[in-house]
Every structure is written in structure tokens, then in C-alpha cells.
Amino acid sequence: MTLPIDLHGRRVLITGVSSGIGLGIAGSMAQAGGTIAGCGLEAATAPGVQAFFAAVQQHGQAATYTALDVRDDAALAAWVDEAAAHMGGIDLVISNAGRSVFKGAAACTVDEWHDAISLNLAAHWKLCKAAYPYLQQAQEPVIIIIASNHAYNTIPGCFPYNTAKAALPGLVQSLAIEWGPQVRAVGIAPGFIDTPGGDAWFNSFPDPAAERARTEAMHPAGRIGTPAEIGALCAFLCSPYSRFITGSTVLVDGGRSALMQDG
Ligand SMILES: NC(=O)c1ccc[n+]([C@@H]2O[C@H](COP(=O)([O-])OP(=O)(O)OC[C@H]3O[C@@H](n4cnc5c(N)ncnc54)[C@H](O)[C@@H]3O)[C@@H](O)[C@H]2O)c1
């Protein structure tokens, strides 16, 4: 007996689909049957955007893509309205777009602070707010917000990023209690996931391969995660099997946080 995740007929907004975790989520949501409206910073001709279309279309699903900066309030709201008009509504919102802004608390400038907060915190709320009128018209709508394991534990020099990410489980709680029971809101806090962003981190070390091996050894799972694993969790959280999951943020870190620092 199978336990299928069937999102056919579900109209899905996803931010940051042209790379990494967002690309993986788009593939999984399409595999489950969803129709996808994606956005990202890159132009429609960029290789990452072509990969997005390929990831969705290989499952026979329809996709649109819009190049925009989610920190641009007018562009973000216009995209939500256009996507809703094109798809005939919005059922599921996956707020994923984000970027590491790693600075120490003393070195961080006010501009860098605003950059981190506007992208990694405020844009998530603004997307949800713009989509809310459409979600109110939908059957069993769900919002997923991609936070980070930095919401719970961090390392020196990540101050504006981890501060913004730490606020996202709070945003998830507020949306769940204010917009429930109609709308469910769930957070996902990925640990180290194998993406171009992760590659940039490894490449910042003199020996990237050694740093990758050291990082993998920190994980009880013996490796870092994949975008497809975050995508599969998204599909599950958007499915009826997850009807009792709302207001919480799921940590997906390969067991890394279970290991004491001196372990
Ligand atoms: N990769 C990891 O290990 C990891 C771990 C925890 C959390 N995250 C979070 O997952 C999300 C995706 O990260 P990733 O590693 O896949 O990154 P990535 O750099 O591979 O991809 C980022 C995506 O977001 C889009 N984006 C970035 N800034 C944008 C903006 N201002 N407006 C519109 N789109 C924008 C990019 O176009 C791209 O599609 C982020 O929120 C990140 O903080 C990643």
C-alpha cells in the first residue's frame, strides 16, 4: 500500500527557484503535481532559470518565472497578483529566497544590517501578506517559510543573518495563530544543504575539499543534505498528511545540533 503525496490542482508560489534549495523545492512540488509560479534574481535566460523550467516540465507540470528582487515591495506585490491571475489563484506559498550576510556584530554596517533584515526577514512577511487575500479564497492553503539552523545556533561572524533567521520561527507562529485555522504556516530550518551557496562557503577556505570533509564529519548523518530532501519535506508539509502541523519550524540538519561541541 502506498502513501502518495498528490498536489495536482495546487497552485504554488516559490521564491528563489533559480538555484539550490528553491530549485529542489520546485522539482519536488512539480513531481507531486503542483503548478508553479517561481521568481528569482536572475534573468529568464540564465542557466539556473532554464534548470527550473526543466525540473518542473520533466514532471509534465506548468511553470512561469519572473525576475525580481523580493526586497522591492511593488515588484513583489505585482508578481503575486500576476501569478494569481495566471494560475487562477494561489494555494501554497513557499518563501525561500534568501542569502547569507555574514558579518560580525561590530563590523556589520547599518546598510548591511538593513540588507540582511530586508531580504532574510521582512521579505518573507511581505510575501505572505501579499498572498493572504488569495490564500483566503483557497482550500487548505499552506505557507512554508525557509529559515535556517542559524535560527537556533550560530557561529561567530554571522550576526545579521542569524538574527534575521532567528525571527522566522516567530513569524511562522504569528501567521499560524492569526490566519489559522484556515491557513497553516510551517517553517523549515535546513542545516548544511549542498547548494551553490554552500560551495561558496567551502571555497572561502584554503582547502575547500578538506573543509567539506570536516563539515560532513560533524553530521551524525555522515553527509550534508540535498535540495531534493528539503523539497520532499515541503511537499509532505503541503499535503493533507500534515494537517495537524502548523506554527512550528522543522529542523532538518542531519543530526548536527544533537552533537555537543566537545562530542
Ligand atoms: N544552503 C544551505 O545550506 C542553507 C541552509 C539553511 C538555510 N538556507 C536558506 O535557504 C534559502 C535558499 O538558499 P540556497 O542555499 O539555495 O541559496 P542559493 O544562493 O543557491 O539560491 C538563492 C535563490 O534565491 C534567489 N534570491 C536571492 N536573493 C534574492 C532577492 N533579493 N530577490 C529574489 N530572489 C533572490 C536567487 O535568485 C536564487 O534563486 C535561503 O533562504 C537560505 O538562507 C540555506
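**Aromatic pairs in a predicted model**

The structure, a predicted model, holds eight aromatic pairs.

Reader: What is the geometry of the pair formed by the rings of F102 and Y161?
Author: The ring centres of F102 and Y161 are 5.3 Å apart, and their planes stand at 80°. Planes over 60 degrees apart count as edge-to-face. The pair of F102 and Y161 is therefore edge-to-face.

Reader: How many residues apart in sequence are the parts that F102 and Y161 tie together?
Author: F102 belongs to the loop between β4 (92-95) and α4 (110-135), whereas Y161 belongs to helix α5 (residues 159-179). The pair therefore ties together parts whose separation in sequence is 59 residues.

Reader: Does Y161 count as buried or exposed?
Author: Y161 has a relative accessible area of 11%. The cut-off for burial is under 20%, so Y161 is buried.

Reader: Which class, stacked or edge-to-face, describes the rings of F192 and F202?
Author: For F192 and F202, the ring centres lie 4.9 Å apart and the planes are at 5°. Because planes under 30 degrees apart count as stacked, the pair of F192 and F202 is stacked.

Reader: Where does F202 lie, given that F192 lies in the loop between β6 (184-190) and α6 (196-203)?
Author: The pair of F192 and F202 ties together parts that are ten residues apart in sequence. F192 is buried, at a relative accessible area of 17%, and F202 is also buried, at 2%. F202 lies in helix α6.

Reader: Which residues form one aromatic cluster with F102?
Author: F102, which is partly exposed at 30% relative accessibility, pairs with Y161. The cluster that contains F102 also includes Y161, W201 and F205.

Note on methods: Residues are numbered from 1 along each chain as its sequence is written. This is a predicted model: local features need pLDDT of at least 70, side-chain atom pairs count only at pLDDT 80 or more; totals for chains, interfaces and linings use all residues. Side-chain values use heavy atoms; hydrogens and water are left out. Rings of Phe, Tyr and Trp (its six-membered ring) pair if their centres lie within 6.5 Å; planes under 30 degrees apart count as stacked, over 60 as edge-to-face and the rest as tilted. Helices (H or I, at least four residues) and strands (E, at least two) are DSSP runs, numbered from the N terminus. Buried means under 20% relative accessible area, exposed over 50%, partly exposed in between (1.4 Å probe, protein chains only).
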